[in-house]
Amino acid sequence: MILKKNLNLLIVIAFAIMCKTTASAEEAKAPWSIPVVNSKISTNVLYLPIADDRVKTIPIQDCDEVLIDLLVVNHPRIKSTISFDKRPQKKHSGYAHVRLGVYKKLLAMLDFLPKNVGIAYFEAFRPLSKQKQYFDRKFREILSKVQNKEIAYQEASKYVSPFIDNIPPHVTGAAIDMMLFVINGQREELMDMGTCSIAKNQHETFSEKTSKKQRENRLILLHAAIQAGFINYGFEWWHYSYGDKAWAYVKQQEAAIYGLIAAPNEIPSMDKDTYLKNFN
Ligand SMILES: [Zn+2]
């Protein structure tokens, strides 16, 4: 009798572990235990894939705010990563554009950072055509490994928001990919936050494959950005947003405040099945 009871208990525990493993495979990694991540930070991270139905179905009430060009603003503590890499880099036009509200959050962030630390951004606004290009590339890369279009589509959607039947955050001017730089007198250098590489497994905000320094630096960025009102995407330590669906989900808002910025002829009319069928 006791044996049977224990066996039942074991089955329940095994099932619970199995369910947890299945659920966590779908979600980004939970915060580290070392160093301790406070709840103000841990509750302002989106752990779901960006195009999860719970996020995607949130409505948008666009407040029609203008875009601000960070290159024109030219703030000494908000710089493009181009400033730190002398190699020629191709950036698409408008990559430094953010909605006015996002710009205000960036300024607010500076007050939560040490005075000798600034924000280095890779990319903010992205045209829909560019989004498609990025998605196709990620889809192709994953498809070559998994050989299954449906799985490749789901996986690619974690790292590049799909352009079909979805409003990707970078196309609304709500998102910015950023890291930090430190100013030492005349010298300015990027801080070590780890790489964006999926192969190295450092891309998730709370990746276990990070050094003590990288964790400290990520927490400095998280703290300043979240205090200012941004949310972070748990699959990408560098991706922050304000006013998009991901932000609305995390902040429990009824609607996002920034919608798609695209000409009507840019918006694809195909559905996912057609995309999968015709992709080669
Ligand atoms: Zn991003």
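Modeller: A residue counts as buried if 20 or more other C-beta atoms lie within 10 Å of its own, exposed if 12 or fewer, and partly exposed in between, with C-beta atoms placed from the backbone. This is a predicted model: local features need pLDDT of at least 70, side-chain atom pairs count only at pLDDT 80 or more, and totals for chains, interfaces and linings use all residues. Residues are numbered from 1 along each chain as its sequence is written.

Biologist: What makes A28 buried?

Modeller: A28 has 22 other C-beta atoms within 10 Å, and the cut-off is 20 or more, so A28 is buried. A28 sits in the loop between α1 (2-26) and α2 (39-42); helices are DSSP runs of H or I of at least four residues, strands runs of E of at least two, numbered from the N terminus.

Biologist: Which residues of α5 are buried?

Modeller: V102, Y103, K105, L106 and M109. These residues cover an arc of only 160° around the axis, which puts them on the same side of α5; the arc is that of the directions from the helix axis to the C-beta atoms.
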